[in-house]
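Please look over the sequence and the model, then read the notes below.

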Amino acid sequence: MKRLLRTLILLFVRLYGLPGVRRATRRIGPNLNRTPRILIVRPDHLGDMILVTPVLTALKERLPEAEITMMVGPWSREIVARHPAIAACITCPFPGFQRAAQKPLEPYQVLFKTAQQLRAGNYDIAINLRPDFWWGAALIYLARIPRRIGYAVAPNQPFLTVALPFPAAEHATVSNLRLASAALQALGQPALPEPYEPAQYPLVFTPREEECAQITQRLSAAGTPSTTPLVVIHAGTGGAIKLWRNAGWATLANQLQAGELLSPAPQIVLTGSPAEHPLLAEIAAQMQVPPLLITDATVGQLAALLKRAQLVLGVDNGPLHIATAQDTPTLRIFGPTDEHIFGPWGRAERHRVL
């Protein structure tokens, strides 16, 4: 049923298009005579969203007067909502990303309803930032946005006005920046200069002062002075296939606490979501010195903790990208995901992947 409906939508686009979209495409030239309104669509979760933040900085630097709106899932809103380049952040319950069961027709009901709502935004250009997200490409088409940028991944292409060939084994942030560059060119601006480097386009997620103060207070209440070095282990991740052995984390933590790897010996902090508390408790039970467990921190408080740390250890997960945004050194165990695509986007000498 889902495949049939998607095929019918694509067939309609190929045969008839949308008159409103055609008229808007002819009306809007490369150079606008008003403040450009940009919509960016990205449905993913925390880690992927952190890797998107350089796009926001790059667009705002080139078009300081632009009004940039980001459409994200409610699960990742906090990552981009506080970015200084964002004028507005709207949420959408993107089908397939809620990690919950849905009715067969719900993705299409949400598609048409959301597209109708977006028409009121009067956007000049939209970027479908996830390469394989046909639903997002159809959304910006049905919303009658005249310039639609994305990757030429089937079945996206019929919905786009600019479809770039999708590169293989390229870092996700570089792929994101390529789309931003294409959007700038569609608005009559020069392309972003290559190569794209973390120093020029860094990750951005900054904890607020009150969040830093809350973490300082929490560490103090746990008996950890401000002079004590911290090593944070974030062992969990959204995909169980990426997990490492709990006994391995415990062995590593014991070596750190014994001063075998770092001197002076650090305080170990295990972080995770409330659902990951059993996993962290199993690691803690094998440690010689009880660690500090934090499973109830907000994203901002977690960023403050990672900023305070001297080292962050983990697997392929979002918090390790947040640590990179704080310029805190990281050590990551990867597999089966490709580090060349989803590895650290920061100063190479401060991050290692195993």
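**Around helix 7**

Helix 7 is followed by arginine 144, which has a positive phi near 65°. Helices (H or I, at least four residues) and strands (E, at least two) are DSSP runs, numbered from the N terminus. The model is predicted: local features need pLDDT of at least 70, side-chain atom pairs count only at pLDDT 80 or more, and totals for chains, interfaces and linings use all residues. Residues are numbered from 1 along each chain as its sequence is written, and side-chain values use heavy atoms, with hydrogens and water left out.

**The chain overall**

- The secondary structure of the chain comes to 14 helices and 12 strands.
- Of the 354 residues in the chain, 51% are buried; buried means under 20% relative accessible area, exposed means over 50%, and partly exposed lies in between (1.4 Å probe, protein chains only).
- The chain has an accessible surface of about 16100 Å², and 55% of that belongs to carbon and sulfur atoms; these areas come from the Shrake-Rupley method with a 1.4 Å probe, and for residues only the protein chains shown count as cover.
- Contact means heavy atoms within 4.5 Å; among contacts between residues at least 6 apart in sequence, 61% join residues at least 24 apart.

- Six strands form an open sheet in the order 3-2-1-4-5-6, with parallel pairing; two strands pair if DSSP finds at least two bridges between them.
- Strand 3 (88-91) and strand 6 (162-164) are at the edges and have a single partner strand each, so one side of each is left without a neighbour in the sheet.
- On average, neighbouring strands of this sheet are turned by 15° against each other, direction ignored.
- Helix 4 (residues 53-62) packs on the sheet and touches strand 1, strand 2 (67-72) and strand 4, its direction making about 165° with that of strand 2; axes are lines fitted to C-alpha atoms, for helices over the stretch in contact, and angles run from 0 to 180 degrees between N-to-C directions.

- Strand 4 pairs in the parallel sense with strand 1 (residues 37-41) over four bridges, and isoleucine 38 stands opposite isoleucine 125.
- Strand 4 also pairs in the parallel sense with strand 5 (residues 147-151), over three bridges; arginine 147 stands opposite isoleucine 125.
- A right-handed β-α-β unit is made by strand 4, helix 7 and strand 5; right-handed means that, with the strands pointing away from the viewer, the path from the first strand over the helix to the second runs clockwise.

**Buried helices**

- Helix 7 is mostly covered, with nine of its nine residues buried, including Gly136, Leu139 and Tyr141.
- Helix 12 (residues 299-308) has seven of its 10 residues buried, so it is largely enclosed by the rest of the structure.
- Cover for the buried residues of helix 12 includes helix 9 (209-221), strand 8 (267-271) and helix 13 (318-325).

**Aromatic pairs**

- Rings of Phe, Tyr and Trp (its six-membered ring) pair if their centres lie within 6.5 Å; planes under 30 degrees apart count as stacked, over 60 as edge-to-face and the rest as tilted.
- The count comes to eight aromatic pairs by this rule.
- Tyrosine 108 and tryptophan 134 form a tilted pair, 6.3 Å centre to centre with 40° between the planes.
- This pair links distant parts of the chain, 26 residues apart: tyrosine 108 in helix 6 (residues 106-118) and tryptophan 134 in helix 7 (residues 134-142).
- Tyrosine 108 counts as buried at 9% relative accessibility, and tryptophan 134 is buried at 11%.
- Phe94, Phe133 and Trp135 are linked into a cluster by ring pairs.
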